[in-house]
Amino acid sequence: ISDSIALYPRLIDAGASLLTIHGRTRHQKGQLTGKVDWNAIKQVVDALGCRIPIIANGGISSMDDVRACIAQTGVRGVMSSEGVLEYPALFMETNVATTEGKRTGPSRVTLAREYLELDLKFPNNCGGQGSGLKCAKTHLQHFLYADLQPFPEARTAMHESHSNEDMVKVCDLIEKNYGEKYDKSGEELGWYNRHRCEKEGETKLDFKQVELDEDFGGCFGGMLGENAECGGGDY
């Protein structure tokens, strides 16, 4: 973190108006993700928060996490990336202490259906997206990760989807598998938590997962720039 803090003033001097700091190093990814280090973000706030706003990233899965992060680090704001990719309604008061951890926001399938409606209205192969169906499948597999795990038939249908209509049928199949008595209150983040641990130094190298298809892995890797060269400090 010391190397990173030495770099940041140069960014500010060059004109940066705010900094977003992720609480993990560049080596913490995949099954080595481990626990986020909000104390590292606090060190940046203590050193440079008087000059520009510092935004925290990492470890945000609910509004309770937002409040805890701000209290612990003193940041001016919080962003979420992977958590919001899986559950865009993350910043609602859902899955928090006041709801007893229950999901009171929209269900995963409801969000998936809303996304597919928007996908028809605003085609994702327009406006510079350029990835068309791959982009839509990537988002659907984020939303429905926890629902695809127990149902091989639904995973196969997702993999073989070639249109918006096919993906709507995946949602239909998931709902059919759950039945009419499905209770969304038990939903929680699944894809976001697949590599994350609560204990310092713990990783999930032995965590069993269903492999992603090539469309999902390749498209998502491009979204997060996994092939980009890393430089500068760790954080």
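Predicted model: local features only at pLDDT ≥ 70, side-chain atom pairs only at ≥ 80, totals over all residues.
**Two helix pairs**

Two packed helices are described by the angle between their axes and the distance between the axes. The table gives both values for each pair.

| Helix pair | Angle between axes | Distance between axes |
|---|---|---|
| α5 (residues 108-121) and α6 (residues 132-143) | about 165° | 9 Å |
| α8 (residues 152-159) and α9 (residues 164-178) | roughly 175° | within 9 Å |

Take α5 and α6. Their axes pack at about 165°. Angles over 145 degrees count as roughly antiparallel, so α5 is roughly antiparallel to α6. The crossing of α5 past α6 is right-handed. From α5, the contact uses Arg108, Leu111, Ala112, Tyr115, Leu116 and Asp119. From α6 come Cys135, Ala136, His139, Leu140 and Phe143. By class, this contact has 8 nonpolar, 1 polar and 2 charged residues.

Now α8 and α9. Their axes cross at roughly 175°. That angle makes α8 roughly antiparallel to α9. Glu153, Ala154, Ala157 and Met158 are the contact residues of α8. Their partners on α9 are Met167, Val170, Leu173 and Ile174. Here the count is 7 nonpolar and 1 charged, with no polar residues.

Helix α1 spans residues 2-13, and Ser4, Ile5, Tyr8 and Ile12 are buried in it. Viewed down the axis of α1, these buried residues fall within an arc of 95°, so they line one face of the helix. What do they pack against? The buried residues of α1 meet β1 (19-22) and α2 (38-48). Ser2, Asp3, Ala6, Arg10 and Asp13 are exposed on the other side of α1. After α1 comes Gly15, with a positive phi near 120°.

**Positive phi beyond glycine**

Most residues other than glycine have a negative phi. Asn95 has a positive phi, near 55°. Glu100 is not a glycine either, and its phi is positive at about 55°. Asn95 sits in the loop between α4 (82-86) and α5. Glu100 is also placed in the loop between α4 and α5.

Is Asn95 buried or exposed? The relative accessibility of Asn95 is 18%, and buried means under 20%, so Asn95 counts as buried. Glu100 has a relative accessible area of 64%; exposed means over 50%, so Glu100 is exposed.

Key:
Residues numbered from 1 in each chain as written. Heavy atoms only, no water. Axes fitted to C-alpha atoms, helices over the stretch in contact; angles between N-to-C directions. Helix = DSSP H or I, 4+ residues; strand = E, 2+ residues; numbered from the N terminus. Parallel < 35°, antiparallel > 145°, perpendicular 65-115°, else oblique. Left-handed = near helix turned anticlockwise from the far one by under 90°. Contact = heavy atoms within 4.5 Å. Nonpolar A, V, L, I, M, F, W, Y, C, P; charged D, E, K, R; others polar. Buried < 20%, exposed > 50% of the residue type's maximum accessible area, 1.4 Å probe, protein only. Arc of directions from axis to C-beta.
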